Amino acid sequence: MTSDKTTNKGFLLAELIRRDFIKKYKRTTFGILWSALSPLFLLLTMDVVFGTFFGRNMPHYTIYLFCGLLLFNYFSSATRGSMKVLYDNAPIFSKVPVPKHYFLISQSVAQAIDFFVSLLVFFIFVAVDGIEFHWRFVYLLYPMACLYFINFGIGMFLSTVYIFFRDVNYLWPVITRIIMYASAIFYDVSILPGIMRRLLNCNPLYMCVDYFRQLIIHSTVPSISTHLILFVMAAFCAFIGWFTYRIARDKIALYV
């Protein structure tokens, strides 16, 4: 009996992931290719605009910029996409006994699939830019895993809060824009004063971006302290999101 329940839950979750992934590209010409084309167009635009000012004396500036855009786009789309998940799926879980968090998990996995498609394009640029591939690239799995849980936690928090406060729909894009400028996406952190560089380390997105850059551009595995800080940040975001959802989940049906 327990095995059957586990199988049914696994099947349900897989179907939700499939539904969210297909729905995103329904009636589009290029389908999943937009996961690669969208960041590519943005990269080319920003490379032309900012490369003249910030990339003139910086080796591999295109890859430096792509690292930031790749992870920021994942963070932005994953958190923004999760915000209305509970609200939009209320007609389903209010009538059918489906665990509400399944919808959040399916959304986060669908966004992660998009990210991996963009990652393939990123590695093509890495190869074209003449950066040598090496076995240490396997360490990239660590910041990717951390960013997944950061996105999942923030997405769960936003989706829960959105049920009670619709204002978050207008507030979060502003916060996201601030996070982008605070993550050194297109500029070199060396231009900042010391105290601002230290403040960047409080930004989990910047920590993930910097991890990518150190490993890919400089062939350096970040320090143990960086790994620990990232782990704590990811665990904290995931805990806050789950805790917010747990204390509010029984009230969600009353507000949708």
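# Reading a helical protein model

Of the 256 residues in the protein, 46% are buried.

Student: What kind of model is this?

Tutor: This is a predicted model.

Student: How many helices and how many strands does the secondary structure have?

Tutor: It comes to 11 helices and zero strands. Read from the N terminus, the elements run α-α-α-α-α-α-α-α-α-α-α.

Student: How do I read a pocket?

Tutor: The general idea comes before the case. Rolling a probe the size of a water molecule over the atoms shows where empty space is left. In this structure, the second largest pocket holds about 190 Å³ of space.

Student: Which residues line the second largest pocket?

Tutor: The lining is made by Met58, Pro59, Tyr64, Asp188, Val189, Tyr206, Asp210, Arg213, Gln214, Ile217 and His218. Sorted by class, this lining has six nonpolar, two polar and three charged residues.

Student: Which helix gives the most to that lining?

Tutor: Helix α10, residues 204–216, gives the most, with four residues.

Student: Where is Tyr64 found, one of the lining residues?

Tutor: Tyr64 is found in helix α3, which covers residues 61–82.

Student: Is Tyr64 buried or exposed?

Tutor: Tyr64 counts as buried because its relative accessible area is 9%, and buried means under 20%.

Student: How far apart are Tyr64 and Ile185 in sequence and in space?

Tutor: Tyr64 and Ile185 are 121 residues apart in sequence, while their C-alpha atoms are 8.0 Å apart in space.

Student: Which other pairs can I read that way?

Tutor: Take Pro99 and Arg249, which are 150 residues apart along the sequence and 10.0 Å apart from C-alpha to C-alpha. Pro99 is found in the loop between α5 and α6. With a relative accessible area of 27%, Pro99 is partly exposed. Another pair is Lys251 and Phe164, 87 residues apart along the chain, with 9.5 Å between their C-alpha atoms. Lys251 is found in helix α11, and at 47% relative accessibility Lys251 counts as partly exposed.

Student: What are the two separations for Ala90 and Lys100?

Tutor: Ala90 and Lys100 are 10 residues apart along the chain, and 8.7 Å separates their C-alpha atoms. Ala90 has its place in helix α5, residues 90–93.

Student: Why does Ala90 count as buried?

Tutor: Ala90 counts as buried because its relative accessibility is 6%, and the cut-off for buried is under 20%.

Student: How do I read a phi value?

Tutor: Most residues other than glycine have a negative phi, and most peptide bonds are trans. Against that background, look at Ala184, a residue other than glycine, whose phi has a positive value near 50 degrees.

Student: Where is Ala184 placed?

Tutor: Ala184 is in the loop between α8 (168–181) and α9 (194–200). This residue is buried, with a relative accessible area of 0%.

Student: What is the phi of Ser219?

Tutor: The phi of Ser219 is near 55 degrees, again a positive value in a residue other than glycine. Ser219 is found in the loop between α10 and α11 (224–255).

Student: Why is Ser219 said to be partly exposed?

Tutor: The relative accessibility of Ser219 is 32%, so it counts as partly exposed. That class takes in values between the buried limit of under 20% and the exposed limit of over 50%.

Student: Which residues make the nonpolar surface patch?

Tutor: Trp135, Val138, Tyr139 and Leu141 make a nonpolar surface patch of about 440 Å². Val138, one of these residues, is found in the loop between α6 (101–128) and α7 (141–164).

Student: What is the relative accessible area of Val138?

Tutor: Val138 has a relative accessible area of 48%, so it is partly exposed. A residue joins a patch with over 30% relative accessible area, and Val138 has 48%.

How values were computed:
Residues are numbered from 1 along each chain as its sequence is written. This is a predicted model: local features need pLDDT of at least 70, side-chain atom pairs count only at pLDDT 80 or more; totals for chains, interfaces and linings use all residues. Side-chain values use heavy atoms; hydrogens and water are left out. On a 1 Å grid over the protein atoms alone, a cavity is a set of points where a 1.4 Å probe fits but cannot get out, and a pocket is an open set with protein on both sides within 12 Å along at least five of seven lines; lining residues have an atom within 4 Å of a point. Grid points are joined across faces, edges and corners, and a volume is the space filled by probe spheres set on the points. Helices (H or I, at least four residues) and strands (E, at least two) are DSSP runs, numbered from the N terminus. Ala, Val, Leu, Ile, Met, Phe, Trp, Tyr, Cys and Pro count as nonpolar, Asp, Glu, Lys and Arg as charged, and the others, Gly among them, as polar. Patches are made of residues with over 30% relative accessible area and no salt bridge: like charges are joined within 9 Å, nonpolar side chains (Val, Leu, Ile, Met, Phe, Trp, Tyr) within 5 Å. Accessible areas come from the Shrake-Rupley method with a 1.4 Å probe; for residues, only the protein chains shown count as cover. A salt bridge is a side-chain nitrogen of Lys or Arg within 4 Å of a carboxyl oxygen of Asp or Glu. Buried means under 20% relative accessible area, exposed over 50%, partly exposed in between (1.4 Å probe, protein chains only).
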